[in-house]
Amino acid sequence: MNKLLIVGTVAFDAIETPFGKTDKILGGAATYIGLSASFFKLQSAIVSVVGDDFPQEHLDLLKNKNIDISGIEVVKGGKTFFWSGRYHNDLNSRDTLETQLNVLADFNPIVPENFKDADVVMLGNLHPNIQIGVLDQMKQKPKLVVLDTMNFWMDCALEELKEVIKRVDVITINDEEARQLSGEYSLVKAAEVIQELGPKYVVIKKGEHGALLFHQNDVFFAPALPLKEVYDPTGAGDTFAGGFSGYITQSSNISFGNMKNAIIYGSNLASFCVEEFGTKRMQRLTREDVDARLQQFKMLTQFDIELSK
Ligand code: AMP
């Protein structure tokens with residue numbers, strides 16, 4: 001089986017949406033990526049850090065999804081990364097209320113020996129220096145390196161972020177962040193500017209408005225499934241990234257055509273993530289649920305127009 005190495009936060013989140021409020025619950029970019037990628041036939045491992053305030057049951061949850069957690073360091077006496085956010089009424093935008101780096105501030109990542117030859121590396125959201133630290137430990141060049149990041153790191157570590165961006169094949173980023181990174185309002189121009197920074201493929205996530213994949217002159221659009229209820233969009237971007245990188249790892253095919261399928265898998269998995277608070281929906285998601293919704297995705301986009309010759 002092919003190997004996927006995941007880096008990112010494993011965290012506590014406190015979330016406010018128009019539908020409710022949670023206290024510290026399980027969150028983190030790597031958590032969502034790992035849960036999402038667990039729907040594919042692959043071997044995966046997470047590299048991250050938590051404090052000893054992090055419950056064993058959360059680590060067991062990841063382990064039970066067949067994720068290798070030997071690269072998650074538990075710092076004695078340390079506090080786990082904490083993020084809190086509040087969503088606006090449209091649920092498409094949010095304000096970060098607080099980010100406490102805690103143990104993440106002095107984390108030196110250690111890639112498990114048996115994942116130094118991973119086929120795909122998914123650099124989830126955390127400090128760009130940690131993402132670089134992971135890439136530097138790889139024994140051989142991975143088939144594909146995917147990067148996900150957010151405005152927080154553009155604001156406080158832009159130069160380091162640009163160093164990682166130079167070294168990745170695919171970047172997944174939301175529309176506002178693409179505009180911030182490129183200085184361009186048009187997403188087409190933004191994608192062009194970002195491709196010049198390094199990644200040959202740029203995925204721009206637009207929340208409930210789907211996702212765009214850019215590669216040179218090619219563009220592909222995947223819709224988001226129109227849902228009756230959205231409770232909490234937290235982790236949707238990471239779940240998307242987990243679906244994208246998980247599918248590519250399983251299929252071992254990094255062509256543009258296959259990336260289109262990866263985007264559909266990512267959108268499909270993300271559509272479940274938002275249906276309940278935190279990781280709840282992803283925890284009890286089944287392969288049957290995933291397959292049934294893929295069929296809905298097909299129906300949503302299939303049409304049969306004859307083009308005049
Ligand atoms: P998403 O909604 O996909 O953007 O991801 C939300 C997750 O990212 C939450 O579970 C947070 O714990 C995590 N997160 C929030 N801010 C950061 C940050 N600055 N670095 C890394 N992870 C973060």
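In this predicted model, an oxygen atom of the ligand sits 2.9 Å from a polar side-chain atom of Arg 94. Asp 238 also brings a polar side-chain atom to a ligand oxygen, at 2.7 Å. The protein buries 94% of the 500 Å² that the ligand exposes when taken alone.

Strand S2 (11-17), helix H4 (151-156) and helix H8 (236-251) are the elements that each give two or more residues to the shell around the ligand. H8 supplies the largest share of this shell, with 3 residues. In total, 20 residues surround the ligand, and the closest are Asp 13, Gly 28, Arg 94, Gly 235 and Asp 238. Sorted by class, the shell has 10 nonpolar, 7 polar and 3 charged residues.

What other spaces does the protein leave open? Rolling a probe the size of a water molecule over the atoms shows where empty space is left. The second largest pocket has a volume of about 210 Å³. Its lining is made up of Phe 220, Phe 221, Ile 264, Asp 291, Leu 294, Gln 295, Phe 297, Lys 298 and Thr 301. Two or more of these lining residues come from each of strand S14 (218-222) and helix H11 (287-301). H11 gives the most to the lining, 6 residues. By class, the lining of this second largest pocket holds 5 nonpolar, 2 polar and 2 charged residues.

About 40 Å³ of space lies in the largest cavity. The residues that line the largest cavity are Asp 119, Val 120, Lys 143, Ile 248, Thr 249, Ser 252 and Ile 254. They divide into 3 nonpolar, 2 polar and 2 charged residues. Helix H8, which spans residues 236-251, therefore takes in two names from this list, Ile 248 and Thr 249.

The last step is the chain as a whole. It contains 11 helices and 14 strands. The radius of gyration of the chain is 18 Å, close to the 19 Å that the globule rule gives for 309 residues, so the chain is as compact as a globular protein of that length. Along the principal axes, the C-alpha atoms of the chain fill a box of roughly 70 × 45 × 40 Å.

Note on methods
Residues are numbered from 1 along each chain as its sequence is written. This is a predicted model: local features need pLDDT of at least 70, side-chain atom pairs count only at pLDDT 80 or more; totals for chains, interfaces and linings use all residues. Side-chain values use heavy atoms; hydrogens and water are left out. A residue is near a molecule or strand if one of its heavy atoms lies within 4 Å of it. A polar contact is a pair of N or O atoms within 3.5 Å; within protein, one must be able to donate a hydrogen and the other to accept it, and residues adjacent in sequence count only if both atoms are side-chain atoms. Accessible areas come from the Shrake-Rupley method with a 1.4 Å probe; for residues, only the protein chains shown count as cover. Helices (H or I, at least four residues) and strands (E, at least two) are DSSP runs, numbered from the N terminus. Ala, Val, Leu, Ile, Met, Phe, Trp, Tyr, Cys and Pro count as nonpolar, Asp, Glu, Lys and Arg as charged, and the others, Gly among them, as polar. On a 1 Å grid over the protein atoms alone, a cavity is a set of points where a 1.4 Å probe fits but cannot get out, and a pocket is an open set with protein on both sides within 12 Å along at least five of seven lines; lining residues have an atom within 4 Å of a point. Grid points are joined across faces, edges and corners, and a volume is the space filled by probe spheres set on the points. The radius of gyration is taken over C-alpha atoms; the globule rule is 2.2 Å times the number of residues to the power 0.38.
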